[in-house]
Amino acid sequence: MPPAKAAAEVDYKEYSLAEEPYYRPITDEVALFEAAYGARLPVLLKGPTGCGKTRFVEYMAWRLTQGRGRRSGTPLITVACHEDLTASDLVGKFLMKGDETVWSPGPLTKAVEMGAICYLDEVVEARKDTTVLIHPLTDHRRILPIDKKGTVLEAHPDFLLVVSFNPGYQSVFKNLKQSTRQRFVAIEFGFPPEDAEREIIAHESGVSPADAARLARLGQKVRNLKHQGLEEGVSTRLLIYAGKLIAGGIGPRRAVRMALTEALTDDPDVQTALEDLAAAVIG
Ligand code: ADP
């Protein structure tokens, strides 16, 4: 195998999921994503932090096998966006190796080349220059300009761009511009309903079904405290953390204090409200 092809094969394996990720579907999101991927429509996942967006993309990548013959799954490259993330972090850089300069492709370039799903988590956090890359990849052109090399890459037929965005964090400075937004179909996520969240907590933390049920109940109640300074409520992720602490031998009230009360707020009044809820639900 020529070296370039061999390297692509290594990348392909590296970014392919070996095992089926656990995902509990909530509504019709699996069918929606499949339809979007089938038509290669870029997807925007909207929803609060810790509600299952990343796990969902992992599951979908594992499920989707289009155009892959006997292979199963589609590779997935995830990038956690942050305020210092630039276009060249996504595309790639020339690096000095001894006396030589070698091209080091970034995650987006790799995904475009190998036909992966590229998941840009919290895309609004990234520097503004990244939109220059997103636009030509999300319309009929499906191209990635690589300015540093003076080339333009055509996306592999299996490539798809998926981004996530938390509307709860919207601000004047960090909002998805309409010109970017209108290039994606959107799937809305919220926290799972109580029965589903109970299953998820039990599965992910290993806590008993009875404790999982209490944590799911508490989750619902905490989310009703919205107007007391807890706009985002509590994430499924934190409820799972509480479950893990309980499974590890910490008493339920102590676990809730650590994973929810102290983690969510420093405001003594809100903390008291949370502890009162915990006392009512957990005892
Ligand atoms: P987000 O990407 O929305 O911030 P994650 O996907 O990381 O959130 O979700 C946090 C955790 O919650 C996951 O690691 C997983 O354990 C769990 N989770 C949330 N929703 C689901 C679901 N529907 N099925 C399975 N696990 C879930």
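## Basis

The model is predicted: local features need pLDDT of at least 70, side-chain atom pairs count only at pLDDT 80 or more, and totals for chains, interfaces and linings use all residues. Residues are numbered from 1 along each chain as its sequence is written, and side-chain values use heavy atoms, with hydrogens and water left out.

## Ligand site

The ligand is surrounded by 17 residues, each with a heavy atom within 4 Å of the ligand. Arg 24, Gly 50, Lys 53, Thr 54 and Glu 204 are the closest. By class, this shell has seven nonpolar, five polar and five charged residues (Ala, Val, Leu, Ile, Met, Phe, Trp, Tyr, Cys and Pro count as nonpolar, Asp, Glu, Lys and Arg as charged, and the others, Gly among them, as polar).

On its own the ligand has 560 Å² of accessible area (Shrake-Rupley method, 1.4 Å probe), and the protein covers 91% of that. Helix H3 (53-63), helix H8 (194-205) and helix H10 (236-247) each give two or more residues to the shell; helices are DSSP runs of H or I with at least four residues, strands runs of E with at least two, numbered from the N terminus.

## Largest pocket

The ligand sits in the largest pocket, as more than half of its atoms lie within 2 Å of the pocket's grid points. A pocket is an open set of points on a 1 Å grid over the protein atoms alone, with protein on both sides within 12 Å along at least five of seven lines; lining residues have an atom within 4 Å of a point. The space in this pocket is about 610 Å³, a volume filled by probe spheres set on the points.

Its lining comprises 31 residues, with Gly 50, Cys 51, Gly 52, Lys 53 and Arg 55 nearest the centre. At least two lining residues come from each of helix H2 (29-38), H3, strand E5 (117-121), strand E9 (185-188), H8 and H10.

## Cavity

The structure holds one cavity of 30 Å³ or more, a cavity being a set of points where a 1.4 Å probe fits but cannot get out. About 140 Å³ of space lies in the largest cavity. Residues lining the largest cavity include Val 123, Arg 127, Ile 134, Asn 175 and Thr 180.
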